[in-house]
Amino acid sequence: MSLLNNFTVSIARSLRRMRQKELGELANGSYRRRGSAVCKDGQELKMEKCLIVSKVTRYEYEKHSHDDISDVELEKVLRKRGSDYDSMLANHKQQKAFEENVFTSLKEMGIKVEKASRLTYNDELINWCDVVVPCGGDGTFLLAASRVRDANKPVIGFNSAPHKSVGRLCLPTWCSNDVKGAWQALKEGRFRWMRRSRIRTTIICEPKQIETITPVDLHALHYCRYPPVRHSHESANSPMSQEKTSEENRPQMATKVLPFLALNEVFIGESVTSRVSLLRLQIDNGKWTHTKSSGLCVTTGTGSTSWHFSINCLRSHSVLELMKILKEECDVKLDTTIEKAREVAERYNEKLMFAPDSEQLAYSVREYITFEEWPVPRGLRVRDRAASVRVKSHCTDAGLVVDGSVSFPFNDGTEAILEIHPEDSLMTVQMEDSLPY
């Protein structure tokens with residue numbers, strides 16, 4: 001079995017154990033008589049008005065990028081470029097057919113339905129509906145969830161291509177294959193309520209800069225750079241001189257809570273990945289620490305199984321090499337087989353993940369440039385959990401990215417407070433992986 005397959009199996013096993021644990025925790029008091037599904041706070045699933053959030057297919061993206069040229073012209077452009085036009089068009093048609101199936105199933109149940117895409121999804125439609133229904137994969141689910149600020153408005157997602165992706169945040173595979181059956185099961189209350197914590201981001205900067213903290217849709221642009229920010233109080237020397245500025249001498253600052261809540265993670269770093277990200281971090285109420293790295297990733301329990309896991313997990317072959325060193329150079333008796341190394345790696349990696357409803361964050365400083373001084377290393381831990389993370393930017397062309405989708409400028413002098421509030425949690429559901437009948 002290849003290293004990649006070993007790693008994939010490890011993740012799958014860890015996610016399966018975590019899912020079984022979640023289902024066990026949610027089992028108590030989750031069911032009520034059929035037709036009235038109620039969570040602990042007594043909320044029922046109201047389904048009079050549903051909003052379908054559709055996935056932007058590659059075909060739609062290409063057409064939009066070419067100023068909505070005709071289908072014939074777009075085909076010529078794509079074929080000339082060497083793109084697989086036939087596959088792109090087939091996937092587009094399959095996606096739209098799936099969305100239409102969801103739409104029709106809801107209409108047949110007497111439910112009012114509206115559709116929205118990434119370009120038309122707005123607060124007015126969110127306020128109108130009872131349930132937000134993303135149809136796509138985890139990316140579409142994250143897009144839909146980021147704008148829903150009502151903690152009691154459910155987001156229930158369908159994976160439109162279960163043969164291609166897992167859709168971890170979406171309903172089980174059988175729901176995609178039997179949309180009508182899934183809606184019937186939801187209507188009859190055969191599900192469990194589930195809350196997922198989300199990250200609230202509060203920006204702090206000079207009043208004249210606060211209006212520049214506007215979102216950029218990373219999926220709508222090919223490339224984006226933010227102009228560097230200059231401050232009137234900044235010295236002509238290094239931007240690091242701001243570290244010596246006393247709190248009393250700081251200019252009056254303005255605050256802004258970003259309109260997007262992160263279900264997976266918030267990433268902060270330079271737009272050009274080869275450039276070092278200069279950030280000062282305060283974990284909880286600890287000391288400020290200056291860091292040089294490839295960026296900061298702050299994640300929720302939901303996101304702990306994705307990018308956070310990939311950044312910090314151990315591969316079986318790395319563990320095997322460490323075990324061999326311990327055995328040969330430290331005279332430690334160890335079983336140095338790949339099977340044992342895989343077992344140790346899995347036990348370590350499982351500790352990286354935590355519950356989706358946890359009120360704690362986990363942070364990871366990517367490729368932290370530091371000097372380990374024995375017995376007390378300088379700086380902070382490369383990864384840990386916290387109640388809040390505060391970040392000050394000394395970057396020149398950086399972005400604060402929410403769930404890999406929407407980015408805000410985060411340049412020198414800007415601060416951000418990342419924290420979790422119970423009232424920001426996302427209401428969603430869980431259903432059994434097998435058919436309910």
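The report below starts with the whole chain and then visits a helix, some strands and a few single residues.

## The chain as a whole

A first thing to keep in mind is that this is a predicted model. The protein chain holds 12 helices and 19 strands. Of its 437 residues, 47% are buried.

The accessible surface of the protein chain comes to about 22,300 Å², and carbon and sulfur atoms account for 51% of that surface. Contacts also tell us how the chain is put together: taking those between residues at least 6 apart in sequence, 77% join residues at least 24 apart.

Let us turn to helix α11, which covers residues 316-329.

Which residues of α11 are buried? They are Ser316, Val319, Leu320 and Met323. These residues cover an arc of only 100° around the axis, which means that they sit on the same side of α11. The spacing has a simple background: an α-helix has 3.6 residues a turn, so residues three or four places apart point the same way.

The buried residues of α11 pack against α12, residues 338-350. On the other side of α11, you will find Leu322, Glu328 and Glu329 exposed. After the helix comes aspartate 331, with a positive phi near 55°.

Next is strand β13, residues 361-365. Here 5 of the 5 residues are buried, so the strand is largely enclosed by the rest of the structure. Leu361, Tyr363 and Val365 point one way from β13, while Ala362 and Ser364 point the other way, and all are buried.

Which strands pair with β13? One is β12, residues 296-299, joined to β13 by 4 bridges in an antiparallel arrangement. In this pairing, leucine 296 stands opposite valine 365 of β13. Another is β14, residues 383-386, which also runs antiparallel to β13 and is joined to it by 4 bridges. There, serine 364 stands opposite arginine 383 of β14.

## Strand β18 and its neighbours

Strand β6, residues 199-205, runs antiparallel to β18, with 6 bridges between them. Within that pairing, isoleucine 199 has isoleucine 420 of β18 as its bridge partner.

Strand β15, residues 388-393, is joined to β18 by 5 bridges, and these two strands are antiparallel as well. In this case serine 388 has glutamate 419 of β18 as its bridge partner.

## Cysteines and a glycine

How many disulfides does the structure hold? The count is 0. Is cysteine 205 buried or exposed? Cysteine 205 is buried, with a relative accessible area of 2%. Cysteine 297 is buried too, at 0% relative accessibility.

Our last stop is glycine 181, found in helix α8, residues 179-187. With a relative accessible area of 12%, glycine 181 counts as buried, because the cut-off for that word is under 20%. Along the chain, glycine 181 and leucine 435 are 254 residues apart, yet their C-alpha atoms are separated by 8.9 Å.

Conventions. Residues are numbered from 1 along each chain as its sequence is written. This is a predicted model: local features need pLDDT of at least 70, side-chain atom pairs count only at pLDDT 80 or more; totals for chains, interfaces and linings use all residues. Side-chain values use heavy atoms; hydrogens and water are left out. The expected span of a helix is 1.5 Å times one less than its number of residues. Buried means under 20% relative accessible area, exposed over 50%, partly exposed in between (1.4 Å probe, protein chains only). The arc is that of the directions from the helix axis to the C-beta atoms. Contact means heavy atoms within 4.5 Å. A disulfide is a pair of cysteine sulfur atoms within 2.5 Å. Two strands pair if DSSP finds at least two bridges between them. Accessible areas come from the Shrake-Rupley method with a 1.4 Å probe; for residues, only the protein chains shown count as cover.
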